[in-house]
Amino acid sequence: MEKRITTPRADVILKWYDLHHREMPWRVSPGDRKAGVRPDTYHVWLSEVMLQQTTVAAVRDYFQKFIAAWPTVGALASAADDDVMAAWAGLGYYARARNLLKCARVVALDLGGRFPDNQAALQQLPGIGPYTAAAVAAIAFDEPAAVVDGNVERVMARVFAVETPMPDAKPLLKKHAAALTPGKRPGDYAQAVMDLGATICTPRNPACTICPWFTSCKGRAADIADALPRKAPKAAKPVRAAIAWAGFDSAGQVLVTRRPPRGLLGGMLALPSSAFSSRSGPPEDAPPVPAEWVAVGEVRHTFTHFHLVMEVRTALIDRADGDFMNADQAAGAMPTLFSKALALAMRM
């Protein structure tokens, strides 16, 4: 017997969202929105930047920490770069933190502390791309912008049974998402579809029987929902090598440096290190100061496009050779790669 398919409707998922929305520290509940409470645009923007390439569970504590330290966009704009980068450590993709500061300063200094209220103007700000602009416009200002993240792509691929592999399917999935976006309550609708993808239409073992779009899902009807969206085979990530030098003075403080402002981990506090070379050639062995450097092991870290194997070397060096910090404080202010390398050196 053929399974009957209905047309997916925004009002159906909005009713589900009213009852089953997730509680988040940056979110205004549908009940509060109905009562006239408006989202704080600063909170929406900050959370959306943090959530890129990261999970809600990982972001909650970071968001609370940022809001406690810098409760307004003006306060963030006035913050010291080092303080913000240290607070961001562990979230990864550090260019986001640098752009966060740039954007905050444009909003605070050039726009009177107010974010633009539409997607096109938001996208002109530093670090705000099409997705973030759409999310802030929809959630903060109820502009009917199509908000398409990984969860939304998965929902659209299944509801419309799109079998074109990713990323080639992205334009069609965005077209479907835009067609379903309602003029009424677009902010709640955007969050509803994201919640649906995160809690019911999950990557594995989707809970189809309790999905509000159960009767509208062509992928479910064809018994292929859990295989969608299809993905093109991934190329293996290359492996690169590097050396980090952890130099300690007689008081146990460690030599630190600041990475160049542009590029990977740009502007971050770090141990002196070589460039991240390809595995086809060894990294440049050029320690920051002459000393009896001893290899103590290696740390491994995965970036978006490659794996890194970093050899860690340590030595006792002269205090006059550079900038030193308390080792524990330095470890807390460095990105994960260098904090792991420093932790390894401190165990020796």
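For what follows, Ala, Val, Leu, Ile, Met, Phe, Trp, Tyr, Cys and Pro count as nonpolar, Asp, Glu, Lys and Arg as charged, and the others, Gly among them, as polar. With that in hand, the lining of the largest cavity divides into 12 nonpolar residues, no polar ones and two charged.

One caution before going on. This is a predicted model.

Let's stay with cavities. Rolling a probe the size of a water molecule over the atoms shows where empty space is left. In this model, two cavities reach 30 Å³ or more. The largest holds about 100 Å³ of space.

Now the second largest cavity. About 60 Å³ of space lies in it. Its lining includes Ala 145, Ala 146 and Val 147. Val 152 and Met 156 line it as well. So do Ala 177, Thr 181, Tyr 189, Ala 190 and Val 193. By class, that lining has nine nonpolar residues, one polar and no charged. H10 and helix H12, residues 186-199, each supply at least two residues here. The largest share is three residues, from H12.

That brings us to the packing of these two helices. Two packed helices are described by the angle between their axes and the distance between the axes. For H10 and H12, the axes come within 8 Å and cross at roughly 80 degrees. Why call this pair roughly perpendicular? Because angles of 65 to 115 degrees count as roughly perpendicular, H10 is roughly perpendicular to H12.

Who touches whom? On the H10 side, the contact has Asn 151, Val 152, Arg 154, Val 155 and Met 156. On the H12 side, it has Tyr 189, Val 193, Met 194, Leu 196, Gly 197 and Ala 198. By class, the contact has eight nonpolar, two polar and one charged residues.

Last, the strands. Strand E2 covers residues 254-258, and three bridges join it to strand E7, residues 323-325. E2 and E7 run antiparallel. In this pairing, Val 256 stands opposite Asp 323 in E7. E2 also pairs with strand E3, residues 269-270, in the antiparallel sense, over two bridges. There, Arg 258 stands opposite Leu 269 in E3.

How values were computed: Residues numbered from 1 in each chain as written. Predicted model: local features only at pLDDT ≥ 70, side-chain atom pairs only at ≥ 80, totals over all residues. Heavy atoms only, no water. 1 Å grid on protein atoms, 1.4 Å probe; cavity = no way out; pocket = protein on both sides within 12 Å on 5 of 7 lines; lining within 4 Å. Points joined across faces, edges and corners; volume = space filled by probe spheres on them. Helix = DSSP H or I, 4+ residues; strand = E, 2+ residues; numbered from the N terminus. Pairing = 2+ DSSP bridges. Axes fitted to C-alpha atoms, helices over the stretch in contact; angles between N-to-C directions. Parallel < 35°, antiparallel > 145°, perpendicular 65-115°, else oblique. Contact = heavy atoms within 4.5 Å.
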